[in-house]
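Here's a quick tour for anyone meeting this structure for the first time. Take a look at the model, then read on.

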Amino acid sequence: MENDNHATVSVDDCRLLTLDRHHHENGNLTVVENGKDFPFEVQRVFYIYDVPGGTDRGGHSHRRCHQFIVAVSGSFDLEIDDGVSRRTVTLNRSNIGLYVAPGIWVGLRNFSYDANAVVAVFTFQ
């Protein structure tokens, strides 16, 4: 993995974000709003699902891309790497996700059979 941005960005710039969860007897609701919940505005959203056991997803970095990754069901691990330090974060709550700063290498691993991931993205122009 090569990251020419590691002098300015590190895995410490990535952090867990907790989204507001509204409890209701008929099921919980989480609302995500641009300009409120993320440190960036969402341009695109990707859904990842039906991942076969033992398969990895991701495995790349985005030089100019902010990401927020959440497990809306099931669980999986995120391996983040800045070229100097590496950290693994397990996501398994639908209202807690990981903000990934631009320039960080991300690999998604160890998907549970029922894992569904959402990735919200913003790319600088």
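This is a predicted model: local features need pLDDT of at least 70, side-chain atom pairs count only at pLDDT 80 or more; totals for chains, interfaces and linings use all residues.

Residues are numbered from 1 along each chain as its sequence is written, and side-chain values use heavy atoms, with hydrogens and water left out.

**Overall build**

- The protein has eleven strands and zero helices, where strands (E, at least two residues) and helices (H or I, at least four) are DSSP runs numbered from the N terminus.
- Read from the N terminus, the elements go β-β-β-β-β-β-β-β-β-β-β.
- Its radius of gyration is 14 Å, which agrees with the value near 14 Å for a compact globule of 125 residues; that radius is taken over C-alpha atoms, and the globule rule is 2.2 Å times the number of residues to the power 0.38.
- Along the principal axes, the C-alpha atoms fill a box of roughly 50 × 35 × 20 Å.
- Of the 125 residues, 38% count as buried; buried means under 20% relative accessible area, exposed means over 50%, and partly exposed is in between, using a 1.4 Å probe and protein chains only.
- Take the contacts (heavy atoms within 4.5 Å) with a separation of 6 or more: 75% of them come from residues 24 or more positions apart.

**The largest pocket**

- The largest pocket holds about 270 Å³ of space.
- Its lining has 15 residues, and the closest to the pocket's centre are Ile48, His60, His62, Gln67 and Val119.
- Strands E4 (44–49), E5 (57–61), E6 (65–73), E10 (105–109) and E11 (116–123) are the elements that give two or more residues to this lining.
- E4 gives the most, with four residues.
- By class, the lining has nine nonpolar, four polar and two charged residues. Here Ala, Val, Leu, Ile, Met, Phe, Trp, Tyr, Cys and Pro count as nonpolar, Asp, Glu, Lys and Arg as charged, and the others, Gly among them, as polar.
- A pocket is found on a 1 Å grid over the protein atoms alone, as an open set of points where a 1.4 Å probe fits, with protein on both sides within 12 Å along at least five of seven lines; lining residues have an atom within 4 Å of a point.
- Grid points are joined across faces, edges and corners, and a volume is the space filled by probe spheres set on the points.

**The second largest pocket**

- This one has a volume of about 220 Å³.
- Its lining is made of 13 residues, with Leu19, Thr30, Val32, Val70 and Ser94 nearest the centre.
- Strand E3 (29–30), E6 and E11 each supply at least two lining residues, and E6 gives the most, with three.

**Tyr99 and His66**

- Tyr99 sits in strand E9 (residues 96–100), and it counts as buried because its relative accessibility is 5%.
- His66 belongs to strand E6 and is buried too, at 10% relative accessible area.
- The side chains of Tyr99 and His66 make a polar contact at 2.5 Å. A polar contact is a pair of N or O atoms within 3.5 Å; within protein, one must be able to donate a hydrogen and the other to accept it, and residues adjacent in sequence count only if both atoms are side-chain atoms.
- Beyond its neighbours within four places in sequence, Tyr99 touches Asp13, Cys14, Arg15, Leu17, Pro39, Phe40, His66, Gln67 and Phe68.
- Cys14 is 85 residues from Tyr99 in sequence, yet their C-alpha atoms are 5.4 Å apart.

**Val106**

- Val106 is in strand E10 and counts as buried because its relative accessible area is 3%.
- Leaving out neighbours within four places in sequence, Val106 has contacts that include Gly58, His60, Gln67, Ile80 and Val100.

**Two loop residues with positive phi**

- Asp50, in the loop between E4 and E5, has a phi near 55°, a positive value in a residue other than glycine.
- Asp50 is exposed, at 67% relative accessible area.
- Asn110 lies in the loop between E10 and E11, and its phi is also positive, near 55°.
- At 55% relative accessibility, Asn110 counts as exposed.
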